[in-house]
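Subject: Handover of a structure model, with findings

Dear colleague,

Please find below the structure that I am handing over to you. My notes on what was found in it follow directly after.

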Amino acid sequence: MTMPLNPRITGWKERRVWVIGASTGIGRATAVALLQRGARVAVSARNAQALQQIDGALPIPLDVTDAQALRAAMQSLQRDWGGLDLLLYCAGTYRPMRATEFDLASALQHDDVNYRGALHALDAALPLFNAQRAGHIALVSSVAGFGGLPQALAYGPTKAALINLAETLYLDLHPLGIGVHVINPGFVETPLTAQNTFAMPALITPEQAAAAILAGLEAGRFDIHFPRRFTLWLKLLRLLPRELYFRIGSRFTGL
């Protein structure tokens, strides 16, 4: 068995967790699962009403494109909680796109939410984590970040950026005792994937995704990817020569 790359999380009771992107899908399911395990959970998203419906959570409505709002939220949590044990960035947007129907406004929105929003969250939280020399940062990317795939022209590059960001953060923060995780789900049944008109292999529920995320965090994994019966094939695909990669990738309906 390989050694974990991050400190293990041995229990969730009274752990202080901030879930950004918690109004629907993976973020919401993970927030609920954490609350069930006894964690103190703050939840953020634009939809204030959806956040209010997560029983037991501390709702902090905000837009991840607003850096100042994230800083203010972090200051509030630090004042009320005295610190933070886990920052989980789940916020994301997705719209299928091909180069034949390129939409600049949509591509830039993907960048603003999926990638720049994560930078805003780090800007707010890194001073605290650096001072604590403890805690965990987890970024929800996607298997779409493993490599170029059909219909992922706007979405895929932002997720690839998150994977690179997490790897670089790990190199800087691991020596300080801070855990860094990148979460790469396959197909999860959410309002975003409901847009897809193609068959989604190995589709799982948000609750299954949440369970996989928490198991990965508890085990100290850096790369938390699931369901493995699907994600391992995509990892293997990246090892193929380019001509084979493009030949096989062109047969994909989309992601």
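Where is the place of Ser250? Ser250 sits in the segment after helix H8 (242-249). Please bear in mind, here and throughout, that this is a predicted model.

Is Ser250 buried or exposed? Its relative accessible area is 55%. Because the threshold for exposed is over 50%, Ser250 counts as exposed. In sequence, Ser250 and Pro150 are 100 residues apart, while their C-alpha atoms are separated by 6.9 Å.

The sheet

The fold contains an open sheet of 7 strands, whose order is E3-E2-E1-E4-E5-E6-E7 and whose pairing is parallel. The edges are taken by strand E3 (58-59) and E7; each has a single partner strand, so one side of each is left without a neighbour in the sheet.

On one flank, E5 is joined to strand E4 (residues 86-89) by 4 bridges, and the two run parallel. Within this pairing, Leu86 has His136 of E5 as its bridge partner. Between E4 and E5 the chain passes through helix H4 (residues 104-132), in a β-α-β crossover that is right-handed.

E5 is also joined to strand E6 (residues 179-185), here by 5 bridges, and again the strands run parallel. His136 stands opposite Gly179 of E6 in this pairing. The path from E5 to E6 leads through helix H5 (residues 155-173), and this β-α-β crossover is right-handed too.

Further along the sheet, 4 bridges connect E6 and E7, which run parallel. One of the paired positions is Ile183, whose bridge partner in E7 is Ile224. Helix H7 lies across E6 and E7 and runs at about 115° to E7.

Backbone details

Three positions in the backbone deserve a separate note.

- The peptide bond that leads from Phe226 to Pro227 is cis, with omega near -15°. Pro227 belongs to the loop between strand E7 (223-226) and helix H7 (228-237).
- Glu14 has a positive phi of about 65°, although it is not a glycine. Glu14 lies in the segment before strand E1 (16-20), and with 44% relative accessibility it counts as partly exposed.
- Arg133, likewise not a glycine, has a positive phi of about 55°. Arg133 is in the loop between H4 and E5, and its relative accessibility of 51% makes it exposed.

Pocket and cavity

Which residues lie nearest the centre of the largest pocket? They are Cys90, Ala91, Gly92, Thr93 and Leu192, out of a lining of 37 residues. The space in this pocket comes to about 880 Å³. Helix H1 (25-36), H4 and H5 each contribute at least two residues to its lining.

The largest cavity has about 40 Å³ of space. Its lining consists of Val143, Phe146, Gly147, Leu149, Leu234, Leu237, Arg238 and Tyr245.

A buried serine

Ser23 is found in the loop between E1 and H1. Is this residue, Ser23, buried or exposed? The relative accessible area of Ser23 is 18%. Because buried means under 20%, Ser23 is classed as buried. Leaving aside residues up to four places away in sequence, Ser23 touches Arg28, Ala45, Asn47, Ala50 and Leu51.

With kind regards

Key:
Residues are numbered from 1 along each chain as its sequence is written. This is a predicted model: local features need pLDDT of at least 70, side-chain atom pairs count only at pLDDT 80 or more; totals for chains, interfaces and linings use all residues. Side-chain values use heavy atoms; hydrogens and water are left out. Two strands pair if DSSP finds at least two bridges between them. A crossover is right-handed if, with the strands pointing away from the viewer, the path from the first strand over the helix to the second runs clockwise. Buried means under 20% relative accessible area, exposed over 50%, partly exposed in between (1.4 Å probe, protein chains only). Contact means heavy atoms within 4.5 Å. Axes are lines fitted to C-alpha atoms, for helices over the stretch in contact, and angles run from 0 to 180 degrees between N-to-C directions. On a 1 Å grid over the protein atoms alone, a cavity is a set of points where a 1.4 Å probe fits but cannot get out, and a pocket is an open set with protein on both sides within 12 Å along at least five of seven lines; lining residues have an atom within 4 Å of a point. Grid points are joined across faces, edges and corners, and a volume is the space filled by probe spheres set on the points.
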